[in-house]
Structure formats: structure tokens, C-alpha cells
Amino acid sequence: MCTAGPWSGEVAGMASVDLPLAPRTMEMLFTDVPPSPHREIPMTMHAASGLRIRSWKDRILLAMGAPKEGEAREAWLGRVAGHLGTLFPALDGIGLHRAWSGDFDASPDNTALIGEHPTRRFLYAAGFTGAGLCQAPAAGEELRDLLIVK
């Protein structure tokens with residue numbers, strides 16, 4: 001069973017299974033404390049831009065990938081801020097600060113891969129692009145069903 005996050009493609013390769021996955025760097029950002037209190041915002045992703053947002057204590061935690069190759073950090077932050085202000089007008093112009101960054105597993109179309117190799121017993125759940133925690137209950141049920149069916 002392969003559920004190795006950003007290393008899933010490499011781990012599957014060790015078992016001679018080709019999963020089209022690659023690590024992708026994602027930088028998480030905190031906003032300044034918003035000027036007015038906000039309700040709890042659940043993990044939400046805007047599919048077209050890739051902007052992810054959720055409440056984090058008194059701030060907002062968000063992500064939208066990382067600077068593209070050759071893109072200046074300030075230009076990337078401007079792109080993130082632009083999407084944030086468009087999608088959430090109450091946050092337009094709010095300060096953004098580095099929270100942490102790391103690698104996430106990603107499939108070519110940014111959708112999770114859950115299944116079983118067609119010719120042998122090799123189960124996998126990967127490619128969640130950082131949303132694995134949100135999808136973990138459903139992915140776990142799917143893997144359980146695949147495991148106990150045979």
C-alpha cells in the first residue's frame with residue numbers, strides 16, 4: 001500500500017509501479033490579523049486559481065503554490081494577493097507573511113489517484129496536492145474497501 005505523500009511516485013517506482021506523481025512545492029502564508037473578526041472558514045479551494053484558504057486562530061492561512069520558475073517572489077505574492085482580494089473582498093490589501101513551505105504530492109491534473117494496480121496487489125492513495133487531510137476519511141474508506149474485497 002502506497003500513501004507516501006510527496007514520495008509516492010518514487011515509492012511506487014521501487015515496486016515497479018508507475019504512478020504519474022511528482023513533488024510540488026507549496027508555500028503557506030498567513031495574513032495579518034483581519035481588521036474585523038471573521039467566522040471560522042473551512043478549508044476551501046478555488047479550483048481555477050488553486051488558492052486554498054482556511055481560518056488559523058486569529059488569522060487566515062492560505063496557499064497558492066509557490067513562485068513559478070523565473071517569477072520574482074514579490075510578483076508571486078502580488079498574484080496571490082490579487083486572487084485573494086478578488087475572491088474575498090474583505091481581505092483585499094491585507095498583509096501576507098510566510099508561514100511554512102514544503103513538498104506535496106501532485107498528479108498531472110491535480111486530482112488524487114486512489115486505486116489498485118491492474119495486475120497485482122498494490123494499493124495507492126496519493127496526489128492530493130496538500131488537500132489529503134480534507135480527503136483522508138473518504139480515501140481511507142476507499143482503500144479499506146479495496147483491501148477487504150479480495
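Analyst: Let's start with the second largest pocket, where strand S5 gives the largest share of the lining, three residues. Everything here comes from a predicted model, with residues numbered from 1 along each chain as its sequence is written. Local features need a pLDDT of at least 70 and side-chain atom pairs 80 or more, while totals for chains, interfaces and linings use all residues, and side-chain values use heavy atoms, without hydrogens or water.

A pocket here is an open set of points on a 1 Å grid over the protein atoms alone, where a 1.4 Å probe fits and protein lies on both sides within 12 Å along at least five of seven lines; lining residues have an atom within 4 Å of a point. This one has a volume of about 220 Å³, the space filled by probe spheres set on the points. Two elements each give two or more residues to its lining: S1 and S5 (96-106). Strands like these are DSSP E runs of at least two residues, and helices are H or I runs of at least four.

Of the 14 residues that line the pocket, the ones nearest its centre are Arg 24, Met 26, Gly 50, Arg 52 and Asn 110. By type, the lining splits into six nonpolar, five polar and three charged residues. In that count Asp, Glu, Lys and Arg are charged, Ala, Val, Leu, Ile, Met, Phe, Trp, Tyr, Cys and Pro are nonpolar, and the others, Gly among them, are polar.

Now for the strands. S1 and S5 pair in the antiparallel sense over ten bridges; to count as a pair, two strands need at least two DSSP bridges. Step back and you'll find an open, antiparallel sheet of five strands in the order S2-S3-S4-S1-S5. S2 and S5 are its edges, each with a single partner strand, so one side of each has no neighbour in the sheet.

S2 (residues 44-45) pairs with S3 in the antiparallel sense over two bridges, and Arg 52 in S3 is the bridge partner of Met 45. The two strands make a hairpin with six residues between them, and in its turn sits Gly 50, with a positive phi of about 85 degrees.

Follow the chain along S3 and you meet another hairpin. S3 and S4 run antiparallel and are joined by five bridges, with Ile 53 standing opposite Leu 62 in S4. This turn has two residues between the strands. Lys 57 sits there, in the loop between S3 (52-56) and S4 (59-63), and has a positive phi of about 55 degrees although it is not a glycine. Most residues other than glycine have a negative phi. Lys 57 counts as exposed because its relative accessibility is 75%; exposed means over 50% relative accessible area, buried under 20%, and partly exposed in between, with a 1.4 Å probe and protein chains only.

Ser 16 is another case of positive phi in a residue other than glycine, near 60 degrees. Ser 16 lies in the loop between helix H1 (8-14) and S1 (22-31) and is also exposed, at 66% relative accessibility.

Leu 62 turns up again in the largest nonpolar core: of its 14 residues, Leu 29, Leu 62, Val 80 and Leu 84 touch the most other members. Such a core is a set of buried Ala, Val, Leu, Ile, Met, Phe, Trp, Tyr and Cys residues joined through side-chain atoms within 4.5 Å. S4 and helix H2 each supply at least two of this core's residues, and H2 gives the most, with four. H2 also holds Arg 79, which is partly exposed, with a relative accessible area of 28%.

How far can you trust the picture? pLDDT is the predictor's confidence in each residue, from 0 to 100. The protein chain averages 88, and 95% of the residues score at least 70. Confidence is highest in H2 (residues 73-87), at a mean of 95, and lowest in helix H3 (residues 132-149), at 81.
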